[in-house]
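Here's a quick briefing to read with the structure open beside you. Grab your viewer and follow along.

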Amino acid sequence: MSQATRFDAIVIGAGAAGLMCAMSAGRRGRSVLLIDHAEKAGKKILISGGGRCNFTNLHTAPDRFVSANRHFAISALKRYTQHDFIALVRRHGIAYHEKKLGQLFCDDSARDIVGMLLRECDEAGVRLALETPVTRIARDGLFRVETSRGPFESESLVIATGGLSIPKMGATGFGYRIAEQFGLKVLPTRAGLVPFTFAEADPRNFKDLAGVSCEASVRCGGTAFDEAILFTHRGISGPAILQISSYWRDGDTVEIDMLPGLDAAEHLKRLAAERPKAEVKTVLSEVLPRRLAHRVTPAGLDGRPAGQVREREWSGLAEDLRHWRITPAGTEGYRTAEVTLGGVDTSELSSKTLEARRVPGLFFIGEVVDVTGWLGGYNFQWAWSSGYCAGQFA
Ligand code: FDA
């Protein structure tokens, strides 16, 4: 067996969580090797937020995360908060702004965030090995990591290899396999923050509405989001749909209120009274995009002047628009999903250190863990918080 180079800690995955963990451990004086099979660090950071990286959310709180254990994230989110990350961003002189709903974006480019993390790693003495596939991991006292650049050994091993979303960018199931290799439970994974699709043959598909968007309240089970929806050639997307997709299971019905915040029946009756000669679809076009208004006008009311529509017909129409039910055929899957739900079972990990309870020295952080944030900077905040906490102990 060839002689391995030894480090205090090896971090596999130079994404958001891995970079944060490596710099935090390095700052503690630990010798750290950060390995990635990709040619660049932080590739998902670079494409995030349309190239401007929505790096955190001012309103980060544990209830904005989906996990089989909804208490698990509390500790890490408390010990490294959105304000800690914002302070780091400010120290590096990176200009940022709030876009909406507490979502913070770089003014200039996501490259600023990756540059900041790489500089921090460099100052903390982290050794970065890119284009370095890991071929095997074993443990005999120390962890032994076999790579294309030879073997390395360490006391601590941190798995930060992310989830399955966007395989084109190098996402792999590596982290789940390592968890299983060490006997840890992995919960089933599925795509999250992802558009819904409808069957090609479904007469209720929305191809004719592709490109139309409107504000809506979207509900599935007991959870609802008020934001925009967007019809696509394959189905339906937009922030409210992406959000609810993380709560949706195969076969579930999703309910959409297309007139949120309005007393819909009264509002439609008032509009009809103002324009009694206008057709129903024209009246509806005042509250919905025109193409959508035409599509949702019931056949029985199509062509009728608004003034001839009975009160109870307006009430019925308002009710339909407020409780519009769709049953997606599926989602666009990992190809376009922003995140992966499920993953390493949190019951296997310490919520304080992110270390595997049954395998001292082995840590899991970021998206590979069964903690998934809402859309809006929450997933990066989980990567920063979990990465920082593991970095204090690895
Ligand atoms: P991440 O995926 O960032 O990093 C994993 C690293 O491990 C990668 O560098 C990969 O190359 C490496 N790796 C994988 N397998 C390996 C192996 N076998 N060997 C070696 N290395 C391996 N979130 C947010 O909060 N705000 C936002 O604006 C966005 N925007 C966004 C846009 C798009 C298009 C996507 C797909 C996702 C987002 N996200 C987001 C989600 C966010 O990108 C995601 O939650 C974090 O990047 C997760 O960080 P991790 O470090 O856990 O994984």
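This is a predicted model: local features need pLDDT of at least 70, side-chain atom pairs count only at pLDDT 80 or more; totals for chains, interfaces and linings use all residues.

Thr-297, in the loop between α10 and α11, gets its own section.

**Helix α1**
- Because 11 of its 12 residues are buried, α1 is largely enclosed by the rest of the structure.
- The buried set runs Ala-16, Ala-17, Gly-18, Leu-19, Met-20, Cys-21, Ala-22, Met-23, Ser-24, Ala-25 and Gly-26.
- After α1 comes Gly-29, which has a positive phi, near 90°.

**Around the ligand**
- There are 30 residues around the ligand, and those that come nearest are Ala-17, Asp-36, Thr-172, Glu-367 and Phe-380.
- Ala-17 turns up again here: a polar atom of its backbone is 2.9 Å from a ligand oxygen.
- For Asp-36, the side chain does the work of reaching the ligand in this list of distances, with a polar atom 2.5 Å from a ligand oxygen.
- Gly-377 has a backbone N or O atom 3.5 Å from an oxygen of the ligand.
- On its own the ligand would expose 1000 Å², and the protein buries 92% of that.
- Which elements give two or more residues to the shell?
- The biggest giver is α12, with 3 residues.
- Sorted by class, the shell holds 13 nonpolar, 13 polar and 4 charged residues.

**Thr-297, a loop residue**
- Look for Thr-297 in the loop that links α10 (290-296) with α11 (311-322).
- Is Thr-297 buried or exposed? Its relative accessible area is 8%, so Thr-297 counts as buried, the cut-off being under 20%.
- A polar atom of the Thr-297 side chain lies 2.6 Å from the backbone oxygen of Ala-293.
- Setting aside neighbours within four places in sequence, Thr-297 is in contact with Val-280, Lys-281, Leu-284 and Asp-302.

Key:
Residues are numbered from 1 along each chain as its sequence is written. Side-chain values use heavy atoms; hydrogens and water are left out. Buried means under 20% relative accessible area, exposed over 50%, partly exposed in between (1.4 Å probe, protein chains only). Helices (H or I, at least four residues) and strands (E, at least two) are DSSP runs, numbered from the N terminus. A residue is near a molecule or strand if one of its heavy atoms lies within 4 Å of it. A polar contact is a pair of N or O atoms within 3.5 Å; within protein, one must be able to donate a hydrogen and the other to accept it, and residues adjacent in sequence count only if both atoms are side-chain atoms. Accessible areas come from the Shrake-Rupley method with a 1.4 Å probe; for residues, only the protein chains shown count as cover. Ala, Val, Leu, Ile, Met, Phe, Trp, Tyr, Cys and Pro count as nonpolar, Asp, Glu, Lys and Arg as charged, and the others, Gly among them, as polar. Contact means heavy atoms within 4.5 Å.
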